Amino acid sequence: MGNLPHETTSFVGRRTELAVLEASIEKHRLITLIGSGGVGKSRLALRAARTAVERRPDAVAWVDLSPLYDERLLLSTVSEAVGLLDHTTRSPVEALCEWLANRKLLLVLDCCERLVDACRHLVGELLTAAPGLTVLATSRHPLGATDEHRIDVTPLPLDGDEDALQLFRDRAGRIAPQLSLDDPRTAGAAAEICRRLEGIPLAVELACARLGDSSVEQIAARLTSRFDILTDKNVWPQRHRALRTAIGWSHELCAPLERLLWARLSVFRGQIDPEDAVAVCTGGPLAAADIPAALAGLVAQSVLRQDGSRYRMLDTLREYGAMWLAELGEERLIADRHAAHFAELTRQAYAGWLGPRQVAWYRRVADTHADLCAAIEHLLRSDPATAVEMAGRAGLFWSCCGHLHEARNFLERAVDAHDAPGPDHTRALWALGIVLALQGDHEAAYRYGEECGISAWHDKDPESRLLAAHTLGFTSLLMGRPQAAYTLCDRAVRTLSGDPVKTPSQLRCMVIRVFALSALGRLEEAGEEATAVQRLSMRYGERWSRAYADHQLALVQLMQGKPREAEGHARAMLLGKFELRDSFGIALGLDLLAGAMAAQGNGVGAAHAYGAGLAHWHMIGHPEGGSPELAAVRAEWERQAREAVGGPAYDSAFNEGLVDDREKGLVRVLQGPVPGDEGF
């Protein structure tokens, strides 16, 4: 948690509303801020959330629902925001309720208006299951839930405190620092702008964005003329008139290419990478070379907000852009182009999996998650064959990043929508088998693995056959059948070995073979195989396989009575999995690191690592902690750690690791000294 958005501009006014909201959070369990688009609901919620962080042990979780257009993604989006990456087959609602049951948490659901019904049902279940939970929602419409406390968010006042004018002064100072509002005419024009725009914060900010090329008096005069024209209340309902006027006027004042880019960018669901903007939005009069300047122009006019190297568009402005995209007749064209671009991105990511950019590709896939989902959703309707291809190529990335429920949803739908044989179908079956195995649905995973094997046989393709061996071997391993796992993957590697660049699943099968050997007690062979995988991974610069090789080397050395060497490999494994954001791998690695510490008499370090590990096991849906085959030896390591420092010290360090922020807790574990070698 601790995922509150950054505030890039100052918070102006709202003293009374903020006090009322903070009091309501202490008194009510469901509060909904209701108001029209651009009125400032999200900023008010964010400011209250920052205050609440100081009072709540489990802090605050912020969930941005503006990218969602499909209620099937609601649960996974909320789960990820609160730190739950469930790897089990439990109902997602059940898992989320269990996760929140004993937490005192403020959950902020921002932009609920497109998913009102789904949000109402989810909130009802969560509040029933988690007595320490408080929900703060923002929406253009009430949720309609039981005991919902509604707070109307109105525009900024135009008199009295004059918050609207203060907002104008603040934003004007950013755009035109040389501007002074001390002159009565200029001050009067600024007040007239705020009055015309009814104190709506977004409208005022859009007007201020014009101060780079217009005077305050000129802006006031132009707004007045626009209001004189817009008199048809059937077209411009009174409650939307000022905001529509400000957005429409900003749109008119944009250069033609900026307007076209605004419309086309409305297809994006998440933050926008400039590279993606060029790929999706180039065409017709808008050349690729024009896009950087057009992006800068939209930022200057407050249509886009820049966050590092990426951009985001407020939902209200995205809706306006989508309206113009429809007017241009480009809805289908740009949606097709968006889907094709992200399908190509998954091709490149999958092709680059075995190589030095592996970590970068994992992060790229994670950062574009909302748009990948939107692309596959579109392709399931328009091009099921490409949807199968895209879902299969994204499957391993999603599994590692914890998006198992979404991966299963898209893979099952894609396989059902297009079952024509071929390598893409085989790959989708492989990915689905891996997802099901990670969720613990081993029987279903094995069935899909067998189907993958049949499909691979028809493909007559080495990579397809390695994929089938990998998913069947992985599932066999998790089902407690290491000999079967070893036989499947050993046969595939020996029969189909070749250039790993062309058949990257060769390396994945080698990893399964190592795990099977150690599970069979063939430790010398496991160590040799793990070293071979490590060397091969280092040659290609990849981290996923290398991290698992380090895991197995740590395990083998622990079993052989070499805890110091084991600790080094466990730390290396954790660093690799941390780079990949692989929570399942991190949980495995923390258990081994704790064992290595315990075997060296470092009871406090071991206890802290065990606590941090249990926090990760909880997050991925394994509250019992640890991997089953190591249960007995893990219990022995824990006993050694407790004896080394005594029960109270052990419990204190364990609880500290358990309640730490997971990322900070992992960093603390990794930074801890190794006994006898402070320079490690």
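**View 1. The protein chain as a whole, with its 32 helices and seven strands.** Helices (H or I, at least four residues) and strands (E, at least two) are DSSP runs, numbered from the N terminus. This is a predicted model, in which local features need pLDDT of at least 70 and side-chain atom pairs count only at pLDDT 80 or more, while totals for chains, interfaces and linings use all residues. Residues are numbered from 1 along each chain as its sequence is written, and side-chain values use heavy atoms, with hydrogens and water left out. The C-alpha trace of the protein chain spans about 85 × 60 × 50 Å along its principal axes. Of the 680 residues, 56% are buried, that is, under 20% relative accessible area with a 1.4 Å probe, protein chains only. Among contacts (heavy atoms within 4.5 Å) with a separation of 6 or more, 74% join residues 24 or more positions apart.

**View 2. The crossing of helix 1 (residues 15–27) and helix 2 (residues 41–53).** The two axes, which are lines fitted to C-alpha atoms over the stretch in contact, with angles running from 0 to 180 degrees between N-to-C directions, come within 10 Å and cross at roughly 55°. Helix 1 passes helix 2 in a right-handed crossing, meaning that the near helix is turned clockwise from the far one by less than a right angle. Glu17, Leu18, Leu21, Glu22 and Ile25 in helix 1 face Leu44, Ala45, Arg47, Ala48 and Thr51 in helix 2 across the contact. These residues divide into six nonpolar, one polar and three charged, where Ala, Val, Leu, Ile, Met, Phe, Trp, Tyr, Cys and Pro count as nonpolar, Asp, Glu, Lys and Arg as charged, and the others, Gly among them, as polar.

**View 3. The contact of helix 23 (residues 482–496) with helix 24 (residues 505–519).** Here the axes come within 8 Å and cross at roughly 145°, and the crossing is left-handed. From helix 23, residues including Pro482, Tyr486 and Val493 take part, and helix 24 contributes residues including Cys509, Ile512 and Leu517. The residues of this contact comprise eleven nonpolar, one polar and three charged.

**View 4. His87 in the loop between helix 3 (74–81) and helix 4 (92–100).** His87 counts as buried, because its relative accessibility is 2%. His87 and Leu33 are 54 residues apart in sequence and, C-alpha to C-alpha, 34 Å apart in space.

Methods. Buried means under 20% relative accessible area, exposed over 50%, partly exposed in between (1.4 Å probe, protein chains only).
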